[in-house]
Amino acid sequence: MARRATGDTGRTRGTRGTGGVKGARRPEVRLPTLEAYGGGELEPDGDYDGVQFRDEDFVGQDGGGARFMDCALTDCALDETRLHHARVLDSVLTGLRGVGTDLAESTLRDVEVIDPRMGGVQLHGAVLERVVIRGGKIDYLNLRKARLRDVVFESCVLVEPDFLDAHLERVEFVDCALKGVDFTGVTFKDVDLRGVAELEIARGVERLSGAVISMGQLLDLAPVLAVQMGIRVEG
């Protein structure tokens, strides 16, 4: 059963990490001079270092196990693209679009993801460290059993994201919306949900230990919390 809570939109970004919560460390990506991608299909286990991918169509291609280091991917199509076990390091991903992109068991480290428009992204079993996802919208994001450390979701919309059995440490949600989120089996440590403007928890509200929410969110979540604790509220 979903409940919607309103975040503390008056909170400034400068106060993140207060109240005993350790703030997330953001990536500091400084790209070198990049070489334009020469075209062609992605290669499984390919090695891409210092490459600029712009307006590329990778629909249905297989780049499983590939490494992207110091790269920029801009306005690329990734529908049904297989990037299983890929490593994306020190890179900036802007305006990506696609449905069914497979990034399962991949590693994203020191990465900025800006204005994605995606659906059904598979990130189950993935490792995300020092990652910012800013703007855009992602539907049905699968982060089951993923490990997130120092991750910031900022000014984005996540529709029915699935965090089942994931581990979140130093994760911040800033001015974003979580619609129909599944927190079943999640482990939270220093997770700040106070900046979520729209918090709608479909499952797993009982797993919020280790997360921080605002007073307004607590009041909105009170009915479902009472049900989880077996409390009858009458009168």
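Which residues form a nonpolar patch on the surface? They are M215, L218 and L219, and together they have about 320 Å² of accessible area.

## Before we start

This is a predicted model, where local features need pLDDT of at least 70, side-chain atom pairs count only at pLDDT 80 or more, and totals for chains, interfaces and linings use all residues. Residues are numbered from 1 along each chain as its sequence is written, and side-chain values use heavy atoms, with hydrogens and water left out.

## The patch on the outside

Back to M215, L218 and L219. Nonpolar side chains (Val, Leu, Ile, Met, Phe, Trp, Tyr) are joined within 5 Å, while like charges are joined within 9 Å. Areas come from the Shrake-Rupley method with a 1.4 Å probe, and for residues only the protein chains shown count as cover.

L219 lies in helix α1; helices are DSSP runs of H or I with at least four residues, strands are runs of E with at least two, and both are numbered from the N terminus. L219 counts as exposed because its relative accessibility is 57%. Here, exposed means over 50%, buried means under 20%, and partly exposed is in between (1.4 Å probe, protein chains only).

## The core on the inside

Nonpolar side chains tend to be buried together in soluble globular proteins. The largest nonpolar core here has 57 residues. Such a core is a set of buried Ala, Val, Leu, Ile, Met, Phe, Trp, Tyr and Cys residues joined through side-chain atoms within 4.5 Å. F53, F68, L148, F153, F163 and F173 touch the most other members. Elements giving two or more residues to this core include β4 (51–54), β15 (167–182) and α1 (215–228).

Take F153: leaving aside neighbours within four places in sequence, its contacts (heavy atoms within 4.5 Å) include I133, L158 and F173.

## Two positive phi angles

Most residues other than glycine have a negative phi. D165, in the loop between β14 (157–159) and β15, has a positive phi near 60°. D175 lies in strand β15, with a positive phi near 50°. D165 is partly exposed, at 40% relative accessible area, and D175 is too, at 35%.

## R25 and its partners

R25 sits in the loop between β1 (3–5) and β2 (35–36). Leaving aside neighbours within four places in sequence, R25 is in contact with R130, D150 and R170. What separates the C-alpha atoms of R25 and D110? The distance is 9.8 Å, with the two residues 85 apart along the chain.

Key
Patches are made of residues with over 30% relative accessible area and no salt bridge: like charges are joined within 9 Å, nonpolar side chains (Val, Leu, Ile, Met, Phe, Trp, Tyr) within 5 Å. A salt bridge is a side-chain nitrogen of Lys or Arg within 4 Å of a carboxyl oxygen of Asp or Glu.
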